[in-house]
Every structure is written in C-alpha cells, then in structure tokens.
Amino acid sequence: MNKPVDTPAATLTGAEAVVEMLRAHGVEVIFGLCGDTSLPLYDALARLPHGMKHVLTRDERHAAYMADGYARVSAKVGVCEGPSGGGATYILPGLVEANESSIPVLAINTDVSVSSRGRFTLTELDQKALMKPLTKWNAVLDRSADIPRTFRAAFNAMTTGRPGAAHIALPFDVQNGPVERADVWGDPSLGLCPSRRVAPDPYCVEMAAKLLRNARRPVFLCGGGLVIARAQDELIELAERLSAPVATTISGQGSISEEHPLAVGVVGSNGGTPETRSIVDQADLVVFVGCRAGSVTTERWRHPAPGAAKVVHLDVDAETVGVNYKVDVPLIADARLALGALNEALSDLKRPREAAAVLKAKTEKFAKFNALAASNDRPIKPERLVAELSKALGPDDIVVADPGTPCPYLSAYYPVRRTGRTLFSNRAHGALGYAMAASVGAHFGRPEVKTVAVMGDGSFGMCAGELETLVRYKLPITMVVIRNAVYGWIKAGQKTGYGGRYFSVDFGVTDHAKVAEAFGVKSWKVEDPAKLGAALKEAIAFGGPTLVDVVCQPLQEARAPVSEWVA
Ligand SMILES: Cc1ncc(C[n+]2csc(CCOP(=O)(O)OP(=O)(O)O)c2C)c(N)n1
C-alpha cells in the first residue's frame, strides 16, 4: 500500500502531491463528495495507483462522521473531503465533533483559485476563519510548494498531545501547480494515534502514588482519553492492585470490561444511575484519567462533591487539569505511561479484592432494569430493546448510539464486555443523526466485526439520505430505529422540568422500514416485543444493510430536569 507511485517526473502536480502525502501517512480510506473545485484532486485520485479507497458519500456532514467513526475504532487518522462553499459549511459539524472529542480527523475542502480571491467568485468563503475555532490546526494553502510541509504539520497536530481535528483548504490552482517530488515524504507513525507518548513528571508520580497508598476508598473515573491512549491493561493492573472501583464516562466505556468485578459502569447525568453515583460519592480519592470532569460526568460538579475527596487528575492536556476541581496532584502525561509509572511505584502493593459495594450497586441497578426489560408492553420499552440487542450481539461487535433514547439507555445498560471501543456516541456536541454515518466509518475501520447503529426517529430524519451509500457499498451494517414520533428526550425534559407543558416536540409517524426498503435496505418493523429478538438476530446475520424499525414507548420519565445538568 505504501510503495511509491511510479511516475518518473521530478515534479508532481499539487493534487498528485496531496494524494502522495495522504498515502505517505498511511491513509487507507477517504470519505467524501465531489465538486467543481475538486476536479484536479479527483483526477489525481483516479490516475494514481495509490491503493486508497474513496467512499463517495451523499453529504459532507456524513463524510466527516464516517471519518470520525473510522478513527474511533481504528486508532488511525480519519480523512474526509469536500468542495468549496457548501462543502466546507456542511463538513463542519463532523469536524467540530471530532475535535472536541479528541478524535484525529483531517478534512480537506478544495477552494476557489488563489488568483480568483476577492472577486465575488462563486463559493468563495474564508475557510481559514471558519475552521480556526473548530479545529486543533488549520491552514489555507496559497502555494503548491507548501503542500508537503502543510500535510506533515496537520498529521503531527492531529496525533500528538491532545488529539484533534485538522482542516486544509486546497485552492483549485494550488492543485495544478508544481511540487518537487523530493519534498513529498511523511512519517507514517503520525497517521496513528497517539503517535508520540509523553512521560509524566516523576515527582508527580511519587505524590500520586503516596495519595493512592494512603487512600481508603480510591475510585478511578476514566474518560475517552484512556481509551484513546489504549491504557486499559495499565488501568486494570492498578485498579486490581488497589482494589479500587473503576467508573467511566460514556466516552470512557471500553476502559475496562463492565463484567470486571471492579467495574462500576457509567456515571453522570446521561447514562449514570443513583447506584453508580453512590460509588463516586463514597470515594476519599478520585483519580480522573483522560476525563475533563465536565457537567454531564459530574452532574454539574456535584459528584464528586468539591472537597469531599482528594483528587488526582491525569490528562495529556494540561489545560483540562484543575479547571473544575481543586487538584491535589496533577499528572500531565500519556495515560498509559503515567498509569504504568504508578504501577511501578506501587509494585509492592496487592490489596485483597474488596468489591462488595460495586456488586451491590450493580445488582440494584440491574434489578430495576431487568424488571423493565422483561416487560411485554406495547409500545416496546427501550429497556427491552437494549436487553434484546445485548443478547443478539457478541462482545467484539460495535454499537454506535445517537443522542435521544439510544445514548443514555445503551451506555447505562448495554454491557461493554471487553476493553477498547465497542460502544460509542458523539458526546462532544451530541448532534442527532451521527450514528448511521459513524457506523459506516466504524465498519471500514474494523470490517471483521458486526456494526450496529441505534438511532431515534429524530436522528433518522437527519441522516436518511446516507442509506443509499450503505446500499451502494453493500455494507453489512444493521440500523435500529427507535420509533416514537417525538423528540422524546426533550419532551421528557418538558415533563420533568416544565410541568408537562409540551410544546412543539411531537412529529408525524414515519414507516422507516418502508423508507429503507425503497433504498434497497432489507427491513423489519417490530411492534410485538416477543418478536424483537428474532428480528434483530435475522437482521444482524444478514450479509448486507438492514434496518429494524422498533415501535417504542417514548421516554418521558427517565431523565433529570434539564436545569439539573445544562443550566
Ligand atoms: C442537531 C441536533 N438538534 C437538536 C438536538 C437536541 N435534542 C437532543 S435529544 C433530542 C430529541 C431526540 O429525538 P429522537 O431522535 O426522536 O430520539 P428520542 O429522544 O425520541 O428517543 C433533541 C431534539 C440535538 N441533540 N441535535
């Protein structure tokens, strides 16, 4: 895949150099959509024997979500592209989600020629200003000769320190100008994330080890940073050494198998329960790992209560540490290296396992869940759907959850049975309509496992056009639509926080199975809970795209008032 392109000339065109720079960084898949300003780039992709796959999408937002899903499960940089103007404004939502979620996604938007700037040229847009606040790093190219250096800088920015998104605007004439072949080189290790690991300050390791040794009830609270750093083995070794419970954020699921006796599950106001919260409340030391201690995870900085426990905060990004809690020991480092150093510092310690409190919390939480999951009520209860889905899927399979009912229910009750990214959601901005496209990316990232996207009908309305992409590539992805004809999560907020004064949250019923069938997706509509398990199993076993439209009860009781966590 990485062997040089056999064209003898000493110079390449800018577009050819872009293709070569992507290949030099180990890129295998590009998600995107064509446009007038992209014609030289597409021609270079058509002509050169680069070995990369181009996945043609039906809008740029979904191209970016696909790149994001691909990066989340593969630890490689996800790449998406689109044309100028609308192509840039449409790619933006996916890019900002990736950036805020610390996912390395590179977006390339082609642009009007440098020579046409400032002349009311169709689709002209200040891409530099537009993308700057939304990305970790961005550039607008003015000269073809800058292409190699710019791409090297972008890959470096995306995969070092706190990972994030990068954006490059590639004008039409820059794609046609010359680039010296000798300048076209890249370091493929920068295409993997994290590409460079930073070790912790030994003094801080010593201080943190001392706190851990003296704590009676230490608890780990792990966010997405731990999963990105692939620090699971080091975390589990340390937690077992200390017999310390491990709780996670939604993005941190996959830090530990939730079947591990010390695994608490998700905490916070979206996916947490009173039982999981109680474990955090009992702690006398909380170790945040790769976690920003934001409003959802900490239920507006109340769990843990400020001052109730000592705090060690481990993060690769110094700017996240000490923002929300007074920190007793900051550890600014790669999570794998820092947890490894703590294991070394505490190598003499092996506390007997004491997991009774975690077992009690989990037993109580799942007793409530199981009662609802056994219900034969119609419309089908979301708990029943989650239970049937976990029976139908294996531990390695991937589930992508949209906001609405899917994210809190799956993150609370779908058991993540291994380490690594097998259940994920777009937690930074939580835009509806992410899961279908992200599942396409996840499939390309890990084609050997089954991928399932679970969405509300609100989300379905925001992504249905991509069904054609799934059909065109015959992707064996299963989509599950929770049909309730309502923006249910918001309606639940109106019920719990605003006296049931429902306003503009109900929409009409759609037959999603029929819509999907019109695209060529094999579909099921399920109203009877007794038939749900079989429909899911058939859909999952089918070799192409499938959709199960589940007529579900709107969730109207299952959330805290909005003011509890966003105000
Ligand atoms: C792009 C976008 N617009 C609005 C919202 C606010 N929002 C959060 S949850 C939700 C309702 C989701 O409805 P649906 O997808 O039907 O799922 P349900 O809650 O009914 O299960 C809305 C509108 C959002 N998250 N994203």
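This is a predicted model: local features need pLDDT of at least 70, side-chain atom pairs count only at pLDDT 80 or more; totals for chains, interfaces and linings use all residues.
Leaving out neighbours within four places in sequence, Ser 425 has contacts with Arg 72, Ile 250, Ala 401, Asp 402, Cys 407 and Tyr 434.

Is Ser 425 buried or exposed? Its relative accessibility is 5%, and because buried means under 20%, Ser 425 counts as buried.

Six strands form an open sheet with parallel pairing, and the order is S11-S10-S9-S12-S13-S14. Which strands are at the edges? They are strand S11, residues 263–266, and strand S14, residues 329–332, and each of these pairs on one side only. On average, neighbouring strands in this sheet are turned by 15 degrees against each other, with direction ignored.

Let me take one pair from inside that order. Strand S12, residues 285–289, and strand S13, residues 310–315, are joined by five bridges in the parallel sense. If you want a place to look on screen, take Val 286, whose bridge partner in S13 is Val 311.

Helix H10, residues 232–242, lies across strand S9 (218–222) and strand S10 (246–248), and its direction is at about 160 degrees to S9. Helix H12, residues 335–345, lies across S12, S13 and S14, and runs at about 135 degrees to S13.

Last, the ligand. How many residues are around the ligand, and which come nearest? There are 16, and the nearest are Thr 405, Gly 430, Gly 458, Gly 488 and Trp 489.

A ligand nitrogen is 3.1 Å from a polar backbone atom of Leu 432. A ligand oxygen is 2.8 Å from a polar backbone atom of Gly 458. With Asn 484 the side chain is involved: one of its N or O atoms is 3.0 Å from an oxygen atom of the ligand.

How much of the ligand does the protein cover? On its own the ligand has 590 Å² of accessible area, and the protein covers 77% of that. The elements that give two or more residues to the shell around the ligand are helix H17, residues 457–463, and helix H19, residues 488–497.

That is what I have for today.

Key: Residues are numbered from 1 along each chain as its sequence is written. Side-chain values use heavy atoms; hydrogens and water are left out. Buried means under 20% relative accessible area, exposed over 50%, partly exposed in between (1.4 Å probe, protein chains only). Contact means heavy atoms within 4.5 Å. Two strands pair if DSSP finds at least two bridges between them. Helices (H or I, at least four residues) and strands (E, at least two) are DSSP runs, numbered from the N terminus. Axes are lines fitted to C-alpha atoms, for helices over the stretch in contact, and angles run from 0 to 180 degrees between N-to-C directions. A residue is near a molecule or strand if one of its heavy atoms lies within 4 Å of it. A polar contact is a pair of N or O atoms within 3.5 Å; within protein, one must be able to donate a hydrogen and the other to accept it, and residues adjacent in sequence count only if both atoms are side-chain atoms. Accessible areas come from the Shrake-Rupley method with a 1.4 Å probe; for residues, only the protein chains shown count as cover.
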